[in-house]
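Subject: Structure for your review

Hello,

Here is the structure I said I would pass on. My notes on the helices follow below it.

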Amino acid sequence: MATVLKVPLASPTPDSQPKPQAALTADQQEKYNSLLEQVQNWKEVPATEGKAGPLTDKEKFWLTRECLLRYLRATKWNQKEAEKRILGTLTWRREYGVEELTADHISPENETGKQIILGYDKEGRVCHYLNPGRQNTEASPRQVQHLVFMLERVIDLMPPQVETLSLLINFKSSKSRSNTAPGIGLAREVLNILQNHYPERLGRALIINVPWIVNGFFKLITPFIDPNTREKLKFNEDMKKYVPAEQLWTEFNGSLEFDYDHATYWPALQKMCVEKREAKYQRWVAGGQQIGELEDFITGHAQVGVAGPVTAATSTPEPTPAASAPVPAPAPAVEPETALAPAPVAAPVPTTTEAHEEAPAPAPEAAAIPEPTPAAAAAAAPAEEKKEEEKPKVVAPTEVGETAA
């Protein structure tokens with residue numbers, strides 16, 4: 001009898017490899033340089049509800065080179081429009097409270113496993129499962145916050161050389177929920193968030209068990225979906241074409257035996273995400289806290305950032321998909337990364353676009369992980385008291401039909 005997994009998988013299969021990236025053209029490089037110069041001069045983030053103020057370190061950390069390039073691609077390389085949209089997203093993240101969303105606040109939404117982060121596709125993308133038949137709550141702003149929270153966790157877990165995700169949606173009905181299609185108005189609200197504030201993050205969307213009512217729903221929302229996004233939607237195809245069978249959940253016709261147990265999965269997911277997010281942040285700090293830092297450097301794939309060789313201690317790099325070891329046997333919790341010896345300085349990384357992921361290279365060794373910040377330590381430990389923070393009012397969509405842009 002196969003062992004049943006109850007926690008997230010730590011890495012892609014050794015054969016899962018990101019696609020190579022294409023080099024920037026001279027014109028694209030010039031537009032990027034101009035946008036970077038503008039962003040580096042930002043001092044304040046405009047916002048309402050008393051949240052305007054100086055650019056924070058966490059916001060500077062978010063403003064990577066690849067982040068800027070994602071907005072440039074999304075705006076067809078219109079520098080002014082990209083600048084406007086990036087600033088708009090910073091404002092939205094403050095007003096929506098993205099950084100303040102906690103696992104305790106979101107936990108009730110995920111008790112039935114209606115959203116699961118599990119495994120990686122054949123290009124090393126994190127697989128984000130949506131199961132509308134497992135809907136367990138009434139429509140509320142927290143349902144949308146749930147989606148945003150889980151997208152942020154997917155980003156935490158992205159391996160080096162990967163910046164997009166695989167979205168897997170199963171519209172199979174359940175005894176408690178036969179109509180799995182969200183309302184058109186609510187779906188538009190979700191699409192607005194995803195397309196405006198998470199551009200160029202969808203690698204592929206695999207959708208199965210689409211009943212006629214859901215098929216009609218997709219036809220209704222198609223005009224609101226970006227043409228590039230529509231090309232990434234795959235309906236009722238064999239998902240094993242895109243995801244290794246051993247990392248594809250049996251509910252989606254794979255061979256991975258997985259049973260969602262909230263008490264086991266939820267804390268394990270949060271622990272893994274906190275550790276990976278903190279390791280990336282500490283590498284960014286060691287690199288000089290640069291706006292426009294390379295995500296390859298932050299993830300440990302490259303040993304030289306935009307400021308040049310790093311002499312300070314840096315955190316343990318994550319392995320590239322090709323260098324990852326086979327998936328270990330399931331465990332009740334995720335063990336922290338092991339500190340290694342100081343890493344040698346490598347040659348500078350060539351300038352590339354992020355439209356497609358670069359072919360993986362063996363991960364270098366890195367120095368010991370710095371002590372986590374108090375904020376990260378607090379996030380990693382179970383909260384002793386649940387503090388429900390007041391969230392901004394959002395139109396409350398149903399849970400699925402959530403399509404990333």
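Helices α1 and α4 cross in a right-handed sense. This is a predicted model, and the values here are computed from it.

On the α1 side, the contact is made by Lys 31, Ser 34, Leu 35 and Gln 38. Their counterparts in α4 are Gln 79, Ala 82, Glu 83 and Ile 86. Sorted by class, the contact of α1 with α4 has 3 nonpolar, 3 polar and 2 charged residues.

Another residue of α1 is Gln 29. From Gln 29 to Leu 69 the C-alpha to C-alpha distance is 9.8 Å, with the two 40 residues apart in sequence.

The other helix I looked at is α10, which runs over residues 262-286 and has 25 residues. From first C-alpha to last, α10 reaches 36 Å, close to the 36 Å expected at 1.5 Å a residue. α10 is mostly covered, with 18 of its 25 residues buried. Just after α10 comes Gly 288, where phi is positive at about 105°.

Regards

Definitions and conventions
Residues are numbered from 1 along each chain as its sequence is written. This is a predicted model: local features need pLDDT of at least 70, side-chain atom pairs count only at pLDDT 80 or more; totals for chains, interfaces and linings use all residues. Side-chain values use heavy atoms; hydrogens and water are left out. Helices (H or I, at least four residues) and strands (E, at least two) are DSSP runs, numbered from the N terminus. The expected span of a helix is 1.5 Å times one less than its number of residues. Buried means under 20% relative accessible area, exposed over 50%, partly exposed in between (1.4 Å probe, protein chains only). A crossing is left-handed if the near helix is turned anticlockwise from the far one by less than a right angle, and right-handed if clockwise. Contact means heavy atoms within 4.5 Å. Ala, Val, Leu, Ile, Met, Phe, Trp, Tyr, Cys and Pro count as nonpolar, Asp, Glu, Lys and Arg as charged, and the others, Gly among them, as polar.
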